[in-house]
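Let's read a structure together, one feature at a time. Have it open on your screen as we talk.

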Amino acid sequence: MSQLHPTPDELVDYLHEELPAARSAAIAAHIAGCPECADARDAEVSLTQTLRAHARAQERELPPSVVSGIWAQLRSRPPTVWERLSAALRPAIAVPVAIAIAAFLFFSIKVAHGPAHAATIDAGYYVENYATLDAATPLSADDPIPQTLANDVKPR
Ligand SMILES: [Zn+2]
């Protein structure tokens with residue numbers, strides 16, 4: 001009997017009732033007489049339940065109302081960036097901001113299929129650029145603003 005232990009994969013398939021009936025019956029009979037495989041089956045059942053409970057818990061942690069609240073807050077922030085941009089005349093700040101906004105405008109124009117859809121994507125793209133601005137200043141303060149970028153930085 002001990003030579004006929006089902007493999008772990010077989011055990012999973014057995015628990016999910018994906019084996020042919022004959023093989024499934026053979027494994028059931030084997031488990032009934034094999035404490036080792038009965039333990040393995042119990043462990044697999046426990047793991048499956050743990051994973052399902054974890055997945056449900058994660059769904060509860062971020063309900064749709066919270067997600068929409070975050071998006072609403074993000075959408076209300078771009079005016080702050082425009083204020084910061086007009087106040088930030090030093091190239092060290094203005095250049096990365098200009099690059100981010102040029103990319104932001106380019107991207108938002110490319111994907112603007114409708115007002116609601118575009119607003120969602122704009123907010124996400126904005127956050128991405130905003131995070132990189134806070135993380136580092138990629139260009140030297142002595143670099144001039146490229147003319148093409150300077151032209152793109154006018155607020156809409
Ligand atoms: Zn066994």
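Q: Is Asp-42 buried, exposed or partly exposed, and what is its relative accessibility?

A: The idea is to ask how much of a residue's area a probe can reach: buried means under 20% relative accessible area, exposed over 50%, and partly exposed in between, with a 1.4 Å probe and protein chains only. Asp-42 has 40% relative accessibility, so it counts as partly exposed. Keep in mind that this is a predicted model, where local features need pLDDT of at least 70 and side-chain atom pairs count only at pLDDT 80 or more, while totals for chains, interfaces and linings use all residues. Residues are numbered from 1 along each chain as its sequence is written, and side-chain values use heavy atoms, leaving out hydrogens and water.

Q: Which side chain does Asp-42 meet in a salt bridge?

A: A salt bridge is a side-chain nitrogen of Lys or Arg within 4 Å of a carboxyl oxygen of Asp or Glu. Here the side chain of Asp-42 pairs up with that of Arg-41, at 3.2 Å from N to O. Arg-41 is partly exposed at 27% relative accessibility.

Q: How many salt bridges does the structure hold?

A: It holds two. In one of them, Arg-23 meets Glu-10 at 2.6 Å, N to O. Arg-23 sits in helix H2 (residues 21-33) and Glu-10 in helix H1 (residues 8-15), so this pair ties together parts 13 residues apart in sequence. Arg-23 itself, at 30% relative accessibility, is partly exposed.

Q: How many helices and strands are there?

A: Both are read as DSSP runs numbered from the N terminus: helices are H or I with at least four residues, strands are E with at least two. This protein has eight helices and zero strands.

Q: Which residues make up the largest nonpolar core?

A: Think of a nonpolar core as a set of buried Ala, Val, Leu, Ile, Met, Phe, Trp, Tyr and Cys residues joined through side-chain atoms within 4.5 Å. The largest one here has eight members: Leu-11, Tyr-14, Leu-19, Ile-27, Ile-31, Cys-34, Cys-37 and Ala-38. H1, H2 and helix H3 (35-61) are the elements that each give two or more residues to this core.

Q: What is Tyr-14 in contact with, leaving aside its neighbours within four places in sequence?

A: Contact means heavy atoms within 4.5 Å. With those neighbours set aside, Tyr-14 touches Leu-19, Ser-24, Ile-27, Ala-28 and Ile-31.

Q: Which protein donors hold the zinc ion?

A: Donors are N, O and S atoms within 2.8 Å of the metal (3.2 Å for Na, K and Ca); water is not among the atoms, so sites may look incomplete. For this zinc ion they are His-5 (ND1), His-30 (NE2), Cys-34 (SG) and Cys-37 (SG), at 1.8 to 2.3 Å. Along the chain, their spacing reads H-x24-H-x3-C-x2-C. His-30 and Cys-37 are both buried.

Q: What is the geometry of the zinc site?

A: Four donors count as tetrahedral if all angles lie between 85 and 135 degrees. The ideal angle for four tetrahedral donors is 109.5 degrees. In this site the angles among the four donor atoms are 102 to 117°, and the site is tetrahedral.

Q: What is phi of Glu-17 near?

A: Most residues other than glycine have a negative phi. Glu-17 has a positive one, near 55°. You'll find Glu-17 in the loop between H1 and H2, and it is exposed, with a relative accessible area of 72%.

Definitions and conventions:
Tetrahedral: all angles 85-135°; square planar, octahedral: opposite > 155°, others 65-115°.
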